[in-house]
Amino acid sequence: MTDDSTQHRAVPSGRFARAGAFGRLAGGVAGGMLAEGARRLAQGERPRLGDLILTPGNAARVADRLSHLRGAAMKLGQMISMDAGDLLPPELQTILARLRDQAYRMPPAQLDKVLRVEWGPYWRRKFRHFEAAPMAAASIGQVHRATLPDGRVLAIKVQYPGVRDSIGSDVDNVATLLRVSNLVPPSIDLKPLLEEAKRQLAEEADYIREADRMRVYGAHLAGDPRYVVPSPVPELTTPLVLAMDFVPGQSVETLAEAPQATRDTAMTALIQLVLRELFDFGMMQTDPNFANYRWQAETGRLVLLDFGAARDVPPETAASYRRLIEAGLAHDRDRIREIAVETGFLGEAAVAAHRPAVDRIIAAIDDTMARPGPFDFGDRAFVPVVREETRPMVADRDTWHVPHVETLFVQRKISGTALLCARLKARVDVRGLAAQAIGSAIPSV
């Protein structure tokens, strides 16, 4: 969230306005490249193109412009940031870290214009009170608290104007930024991934669809006191406005100050939820952004928010994870590697070229998971091993591999959940939960 001096900034809503914003970004980056190139040449250096693009000045330009545009451009930046993590150049990490935390709000006049279109000119009469200042501002929309005449308190998510119509061009423009920065090898075919990103983002921008996903998800968890899912309000929901019950809670990261047992219980519930999504619901909320979870300290419940990224899990994807878990429970490292290749988790070329490194990575993770007792997410001893073994594989761009998009979305949720557990230093019986989820006994070691 920005400070009060910059909190309001109108979102470019027309296609030409957004294209112009990207054009100004490209011009600014080019100017920064020329200045940096001249400086390095004067010092006797021969700079590479990628070094000129990813300068601190250009990082600030890109972050600010994408935050201004919001929508698919900002959303993709946030997704890449969570998924790629330490594999990205430091300068690009800076850009994307800023995107996770920075979002401008619509000026009141622009907000009023959106709500007049969606609810009519006298929309304020629907409420006893509508808070003009948003509780949260994110990539696709901002959230306001409102009170109905009967006293019912709602959370109203209002989509930024122009976001839905600009998804295609925004995704293409971000892809161009990735290409020109030399972050993606030319041999990687991004087209299927980009088309899926456009489809996913179009679904996230349809608030009627999200309200339906919210209802279905709530039905799956009905009766389980560990979770709270808001109920949508159909009569106030449109494709660009999502109305739902306001559910109080605090940032899930405040759990870091809670006792160990409390953290362990909460993260056990979250991991069980991911396993149920994969093997029971056949539907997964695939956006693991920490802001999508809230914590109720007084009830011990997890509040689940934002179902725009909820998507069906194909049976074959769930079956792949089931086989991988079975091999992991059996500590069959050769089988783990074989299944990882068969199902697309790993590319054949990468395994062929870096087989010893792959085997050491699998061994490091398996050794850690095999320790008696709950898995300690706070013990990151195996992470440096994995990072060190992964480095030459990342550098070997000829063997880069893009898994199937369905696997990417599921793995994104799993990785993000593990990241939150690590942030909270939770201890969870992961092997026991996984075995229970697939109806398997844990083999004796």
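1. Arg 116 pairs with Asp 112 in a salt bridge, with the closest N and O atoms 2.7 Å apart; the term stands for a side-chain nitrogen of Lys or Arg within 4 Å of a carboxyl oxygen of Asp or Glu. Because the two are four residues apart in helix H6 (residues 108-119), about one helical turn separates them. Helices here are DSSP runs of H or I with at least four residues, and strands are runs of E with at least two, numbered from the N terminus. Arg 116 is partly exposed at 42% relative accessibility, while Asp 112 is buried at 19%. The cut-offs are under 20% relative accessible area for buried, over 50% for exposed, and partly exposed in between (1.4 Å probe, protein chains only).

2. A word on the model: it is predicted, so local features need pLDDT of at least 70 and side-chain atom pairs count only at pLDDT 80 or more, whereas totals for chains, interfaces and linings use all residues. Residues are numbered from 1 along each chain as its sequence is written, and side-chain values use heavy atoms, with hydrogens and water left out.

3. The salt-bridge count comes to 32. Asp 312 and Arg 213 form one through their side chains (3.6 Å, N to O). This pair links distant parts of the chain, 99 residues apart: Asp 312 sits in strand S11 (residues 310-312) and Arg 213 in helix H9 (residues 207-220). Asp 312 is exposed at 52%, but Arg 213 is buried at 15%.

4. Do have a look at the salt-bridge network that links Glu 196, Arg 199, Glu 203, Arg 209, Arg 311 and Glu 406. Glu 196 belongs to helix H8 (residues 191-204) and is buried, at 12% relative accessibility. Its side chain makes a polar contact with that of Arg 311 at 2.8 Å (N or O atoms within 3.5 Å; within protein, one must be able to donate a hydrogen and the other to accept it, and residues adjacent in sequence count only if both atoms are side-chain atoms).

5. Which residues touch the most other members of the largest nonpolar core? Among its 88 residues they are Trp 119, Phe 127, Phe 130, Ile 156, Tyr 217, Met 267 and Leu 304. Such a core is a set of buried Ala, Val, Leu, Ile, Met, Phe, Trp, Tyr and Cys residues joined through side-chain atoms within 4.5 Å. Helix H10 (residues 260-281) gives the most to this core, 11 residues.
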